[in-house]
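Thanks for coming. I have one structure today, and I will go through a few local features. Please look at it before I start.

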Amino acid sequence: MANIQDWMKSYRQDCGFDKLSAAGCLQGNTDIHFIADRMRLDLGLDDTWYETCKNAGEAFSHIRKQLETCGILVMISGIAGKNTHRTLDVNEFRAFAMTDDWAPLIFINTADSNGAKLFSIFHEAAHIWLGSDDLFNDREHRITGMNHSEAVCNAAASELMVPWKEFLNKWDEYDMDIFEKITELSRHFRCGKIVIARKALDCKKIGPDIYHQSVQSAINHYNQMKKNKRADGGNFYNTAASRLDGCFIRALCESIHMGRTSYSEAYRLTNTSSKTFSKVAQHLGGIE
């Protein structure tokens, strides 16, 4: 990943691009609402952006595209390299961010649930805006015991996904069992149940016991779904393309045509072969 980041930095410098305004622009800031508002502005999101998405998976894709538009590289994968037998364990890490003025990068572990991936991409984006690298692996969604930077990024991610004013209005609309309410609100905000449970905890609508029950229930449900899921293999080229950043591929293709980058270097940077790279480039809008 560092090689890709270094290449993008060199490419942008060669082309005379300015540094990214997002990277580190909020360094030292701890005002959650100010952070969320600035990120919404930079990403072109309004408070209810999620209403245009059908579910958490579609919401993740939308946010990924908005981040790429800002010049932030977003890579995703659930395996090590091309080895489908070496899965990336979500209990070890869920995502990471590498901050740089020219080529910040976010990596998301796709072995996670859709709701968790959406939270992770916002969490790592907050780190980019705050100018700090990160390795995110909080599977248990702790209430205490995390460092201040992690707590700030968690809160910012939560506010971007579930604005507190909207949350309070919706919470009071539903008259039902507390766990059913959490489920219904997760559907409304196109996010995971854990995010709703944490927002409810922070807004003093539920206590720690209910929160921990919600977390464990969500984890158990996802583990059971994973256990029952039968892999169908999918489309190899679509999967390969989904792991890479679209802006990066398009810039790489342009660099090849300009003679700045060789095909062998492009294959190495993207972990592809000549055939795979051609298909991936076409899929992501690059002219190979």
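Helices here are DSSP runs of H or I with at least four residues, numbered from the N terminus. The model is predicted. With that numbering, I begin just after helix 11, where G259 takes a positive phi of about 85°.

Helix 11 itself covers residues 246-257. Its 12 residues should span 16 Å at 1.5 Å a residue, and the end C-alpha atoms are 17 Å apart, which agrees. What caps its N-terminal end? That is D245, with a side-chain oxygen 2.8 Å from the backbone nitrogen of F248. F248 is also one of the buried residues of helix 11.

R190 has a phi of about 55° and is found in the loop between helix 7, residues 178-188, and helix 8. K204 has a phi of about 60° and is found in the loop between helix 8 and helix 9. Are they buried or exposed? R190 has a relative accessible area of 17%, so it counts as buried, the cut-off being under 20%. K204 is at 74% relative accessibility and counts as exposed, for which the cut-off is over 50%.

Two packed helices are described by the angle between their axes and the distance between the axes. For helix 8, residues 193-202, and helix 9, residues 208-228, the angle is about 175° and the axes are 9 Å apart. Angles over 145 degrees count as roughly antiparallel, and helix 8 and helix 9 are therefore roughly antiparallel to each other. On the helix 8 side the contact involves I194, A197, R198 and L201; on the helix 9 side, P208, Y211, S214, V215 and A218. By class, that makes seven nonpolar residues, one polar and one charged.

Last, the strands. F107 sits in strand 5, residues 105-109, and is buried at 7% relative accessible area. From F107 to R243 is 136 residues in sequence, but 9.3 Å in space, C-alpha to C-alpha.

D134 belongs to strand 6, residues 134-136, and is buried too, with a relative accessible area of 9%. D134 and I106 are separated by 28 residues in sequence and by 9.4 Å between C-alpha atoms. What does D134 touch, leaving aside neighbours within four places in sequence? Its contacts are A95, F96, A97, H123, E124, H127 and E150.

Technical notes:
Residues numbered from 1 in each chain as written. Predicted model: local features only at pLDDT ≥ 70, side-chain atom pairs only at ≥ 80, totals over all residues. Heavy atoms only, no water. Axes fitted to C-alpha atoms, helices over the stretch in contact; angles between N-to-C directions. Helix = DSSP H or I, 4+ residues; strand = E, 2+ residues; numbered from the N terminus. Parallel < 35°, antiparallel > 145°, perpendicular 65-115°, else oblique. Contact = heavy atoms within 4.5 Å. Nonpolar A, V, L, I, M, F, W, Y, C, P; charged D, E, K, R; others polar. Buried < 20%, exposed > 50% of the residue type's maximum accessible area, 1.4 Å probe, protein only. Expected span 1.5 Å × (residues − 1). Polar contact = N/O pair within 3.5 Å; in protein donor to acceptor, adjacent residues only side chain to side chain.
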